Amino acid sequence: MKGTSLGEFEELVLLTVGILHDDAYGLAIKDQLEAQSKRSVMISSVHKVLVRLEDKGYLNSQMGGATAERGGRQKRLYELTAAGKKVLNRSRDLRNSMWEQVPKVVWEGGSN
Amino acid sequence: MGRRQQLTNQPPKWISKFFRWFCRKDLVDGIEGDLIEIYQRRLQAGGKIYASTRFLLQVISFFQPFAFRKRSKKSQLTNMDMFKNYFKVGFRNLVRSKFYAAINIVGLAIGIAVFIVMAAYVKNETSYDKFNGKWDRIFRVEYQYEANGNSQEVVKTPFPLKPMFLNDYPEVEHVVRFYQNRLDATTLRYKESHFTEDNVLFADPEVFKVFDFELEEGNTENALADINSIVMTRAVAKKYFGEEDPMGKVIKYKNDDQLKVTGILKDVPETSHISFDILVPVELQRQRWIRGDGNNGYDFEKDWRWSGAWQYVLLKSPEAIGAFSEKLIENGKDFFGRSDLLEYDYSATPLSEIYLHSNKSGEFMANGNIRQVYGFAVIAVLILVIACINFINLNTARSAKRAKEVGLRKVMGAQRDQLIRQFIVESVLIVFCAVALATLLIEVMLPVFNQFMDKSLSIPYQEHPEIILIYFAGALTIGVFAGVYPAYYLSRFHPIRALKGKSATQGRGNIQMRKVLVTSQFVISNLLLVTIIIVQSQLEFIKGKDLGFNKDHVIVLKHGGKLDESFEVFSDRLKSTPYVVGTNLGYVAGTRDWTQSFTVEGQELEEAKRIGIKHVGFDFMKMFDLKLVEGNYFSKKWWRKSRNGILLNEKAVKAFGWTNEEAINKKMSYVGGSDNKTRFDCTVIGVLADAHLESLYEPIRPSVFKFSLWGDVSIKLNAGNNNELRNAISEVQKVWDEISPEWPFEYEFLDEVIAEQYLKEERLGQTIKYFTFLVVFVACLGLFGLASFTIEERTKEIGVRKVLGASVGAILVLVSRGFFKMVVLSFLISIPLGIYFGQAWLQEFEYRIEITPLVFVISGILSIVIAALAVGGQSLKAAVSNPVKTLRYE
């Protein structure tokens with residue numbers, strides 16, 4: 001169970017990798033995350049989480065796409081693995097089922 | 001231009017370099033690319049400085065574990081495995097060459113054991129008096145005076161100094177005075193137990209406030225406050241009271257004073273330069289003298305002329321010594337306002353310096369000698385160095401055996417530092433074995449050493465378990481130290497040459513080095529041989545020296561003054577037996593005497609000469625076989641003339657500038673007597689030949705012999721053999737028991753008393769002999785190992801030579817020539833060094849031997865014989881071996 005639990009930031013990074021599909025590398029993930037969440041993210045935190053997620057087997061990576069503005073350095077491109085997709089699904093299912101269990105009155109009432 | 005453009009668009013190089021240095025290889029491109037992209041953006045937005053600063057901050061933000069280069073777990077494991085392998089190979093090597101391993105380990109173990117024993121000795125010697133918590137505030141008051149070109153340093157001072165210090169010197173907290181009369185026997189009695197005690201010390205009650213002498217029972221605050229009190233050790237108390245509780249018991253002092261036991265002393269620590277078994281208040285002695293006891297109201301508290309007490313001041317702070325010393329020197333110059341004839345030079349010696357640095361007149365007991373401590377420390381280091389040299393020599397010499405291993409390891413990819421590590425691990429392994437053996441050796445050596453040096457040293461493993469840790473650290477240090485040269489040397493081999501089996505030794509450097517080491521080893525052991533021969537012959541010289549008097553068959557009685565009245569009767573009774581030749585009450589030949597200032601008639605007091613005075617009786621000259629060179633000796637026949645007459649020795653005659661004839665009938669006077677005020681006039685009636693009545697450390701003193709009945713009793717016995725001697729002594733005891741039955745009969749042989757003066761040297765000689773033996777043994781062990789190895793290497797060569805017709809003698813010369821060259825060379829080097837050190841030691845003696853070439857001839861022959869034994873056996877074995885066998889060995 002322990003290996004399958006995701007932190008919030010980990011989940012967001014995984015989802016971002018999904019959103020970016022075939023251009024998911026460190027800086028693009030950081031930009032996307034900042035755009036989506038409206039908060040600033042450290043590039044080192046992004047890389048740290050990427051390394052960890054790859055170690056856990058939720059991500060795969062390969063090198064590619066060197067450009068001039070990168071000083072000729074290649075990008076490390078990430079993609080979701082089957083396990084990564086599964087853990088994201090599980091996390092959404094868990095949320096959905098918990099959402100449904102919250103009584104409607106909680107959302108509607110509450111003024112008295 | 002484009003290249004330049006590109007360069008300026010890049011972040012600062014040094015930051016990238018730093019990043020690439022720490023970042024793991026698989027991540028570095030991906031991350032660095034991202035960072036450069038961000039940099040480019042910032043460059044557009046905020047300029048170069050802004051972008052570079054942010055770039056640096058970002059790089060720093062990556063400086064965390066996830067991004068670090070991985071030291072792969074796999075390679076760490078290999079490291080441990082390699083160490084295991086080093087140990088395994090090292091151990092196999094030891095087992096394979098048991099012979100060399102044994103030589104290495106035994107040699108080193110002896111070296112280490114000697115080193116540790118010596119270290120224990122040096123530590124003990126240097127820790128004297130440090131058990132006193134206030135040692136840095138305690139100082140002994142001493143003075144030096146000059147008289148007619150003679151200066152003398154004295155550690156005893158007049159009693160009234162104490163009240164003066166307490167009144168006028170605010171920095172002084174306490175003063176404690178000790179007094180002891182060694183010529184006087186103290187007897188104690190409790191019921192039937194009656195003994196003479198010679199370790200009694202008179203002390204001021206403050207003794208426990210200044211020094212940390214402890215009481216097992218009783219209160220240090222007031223133990224000696226009462227004049228009729230006594231404290232003693234448990235052992236002494238047991239002698240008198242047996243199993244009874246000694247506290248509060250009353251004991252009889254010298255058959256009259258009644259003293260109450262107010263405390264039981266813990267044994268005085270061995271590292272105290274003052275020692276005693278019994279303490280009595282100094283006030284007791286004062287009262288005894290005031291009320292009489294032959295001294296007629298003498299009060300030492302008022303006597304500034306008699307320097308009779310050891311005085312120790314406790315200052316309020318260690319820094320106060322500056323002020324105290326200054327005042328002491330200034331006020332002491334004119335003897336604290338009691339201007340005398342002489343110039344006095346007062347000083348204060350720190351307690352911690354007394355034992356090792358002070359050797360003055362009137363020391364409490366024979367002190368240690370800092371030079372001896374240094375000497376022993378040097379021997380300790382030398383023997384350890386010799387053992388290490390052996391180790392280095394044998395290891396490098398045997399390198400050829402290891403050459404193939406080294407070559408193979410190198411081919412398999414071993415780095416040089418790995419090989420060095422391997423050999424150092426091996427050397428540490430051997431040293432650890434040696435240390436283990438050394439700890440056993442120490443247990444054997446310490447008792448012997450203690451006996452020689454009259455010490456009771458031990459290694460306190462229980463109280464200080466950290467000693468074991470020190471052993472470990474020491475073993476590691478020696479292992480690395482001794483292993484480093486062989487390791488560098490062995491790891492230098494060129495793999496191809498080593499594997500081809502060619503001599504892996506490159507050049508002659510190593511052989512030269514080995515020669516230098518062996519030679520220096522033998523210089524050291526030769527030096528010790530020379531030293532021991534010099535010490536031995538000096539001791540023989542002293543023992544055999546004609547002292548100018550006959551000390552045989554003389555016994556000395558300590559009678560505590562009780563024979564003073566009955567001496568005539570005692571003497572007559574003894575002389576009526578056939579066993580006694582003569583008796584004397586007074587000065588005992590061979591011991592120290594008193595000193596008085598003599599003036600010749602018509603001279604001013606200022607011209608007084610300080611001369612030794614010896615109180616003697618009618619038999620003195622006859623008893624000790626002294627020669628009369630002029631005039632007459634004391635005799636009952638001219639009693640009146642004898643009473644005021646004195647005899648001089650030849651030295652004294654010379655000191656006054658007379659000839660022997662001129663001296664006769666000269667009139668002289670001196671001030672002395674028990675109150676130190678009486679003026680004595682005397683006339684010279686004769687001159688005695690010079691004799692070494694005092695120790696041979698000093699020149700013969702100018703001396704005056706005066707007729708007087710005061711002092712110890714010496715008795716010359718008439719005995720040809722031991723049996724007669726026993727009879728004579730029992731006869732003397734019979735007479736003694738009749739004359740003074742209430743006193744125990746105790747005596748000493750004079751020749752033993754005199755021999756005791758040289759006991760220290762005797763012990764030193766014994767100890768050096770013992771250690772010289774060990775040093776020579778270790779050095780020979782090394783030589784032996786080296787020789788057997790060299791010969792093993794040349795087995796084939798010797799076989800071929802024999803086949804071609806070489807004789808045994810020729811081969812013997814061939815293989816041992818090299819070693820003998822080294823031994824002879826080292827012998828030549830050790831000659832000047834030996835002369836230098838020998839002379840330095842002999843300086844202490846007034847009468848000493850010359851260092852003759854014979855000393856060197858003997859030591860030279862000795863060392864060559866020893867070397868021959870070490871090398872010869874192996875050489876001979878090689879020389880007579882059958883070439884068929886040796887040539888077949890492949």
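Me: Before we look at this predicted model, what do the angles between helices refer to?

Reply: Axes are lines fitted to C-alpha atoms, for helices over the stretch in contact, and angles run from 0 to 180 degrees between N-to-C directions. In chain B, helix α5 (residues 98–126) and helix α25 (residues 759–793) pack at an angle of about 155 degrees, and their axes are 10 Å apart.

Me: Why are α5(B) and α25(B) called roughly antiparallel?

Reply: Angles over 145 degrees count as roughly antiparallel, and the angle here is about 155 degrees; α5(B) and α25(B) are therefore roughly antiparallel to each other. The crossing of α5(B) past α25(B) is left-handed.

Me: What makes the contact between these two helices, and which classes of residue does it have?

Reply: From α5(B) come B:Y100, B:I103, B:V106, B:G107, B:I110, B:G111 and B:V114, while α25(B) brings B:F771, B:L774, B:V778, B:L781, B:G782 and B:G785. Sorted by class, the contact has nine nonpolar residues, four polar ones and no charged ones, with Gly counted among the polar.

Me: Which residues touch the most other members of the largest nonpolar core?

Reply: They are B:I112, B:V114, B:I383, B:V775 and B:L783, in a core of 97 residues, and the largest share of that core, 16 residues, comes from α25(B). Leaving aside residues up to four places away in sequence, B:I383 touches B:G111, B:V114, B:F115, B:L774, B:V775 and B:V778.

Me: How many residues of chain A are in contact with chain B, and which element gives the most?

Reply: There are 17 residues of chain A in contact with 15 of chain B, and α3(A) gives the most to that side of chain A, with five residues.

Notes
Residues numbered from 1 in each chain as written. Chains lettered and ligands numbered in written order. Predicted model: local features only at pLDDT ≥ 70, side-chain atom pairs only at ≥ 80, totals over all residues. Helix = DSSP H or I, 4+ residues; strand = E, 2+ residues; numbered from the N terminus. Parallel < 35°, antiparallel > 145°, perpendicular 65-115°, else oblique. Left-handed = near helix turned anticlockwise from the far one by under 90°. Contact = placed C-beta atoms within 7 Å. Core = buried A, V, L, I, M, F, W, Y, C linked by C-beta atoms within 7 Å. Buried ≥ 20, exposed ≤ 12 C-beta atoms within 10 Å, placed from the backbone.
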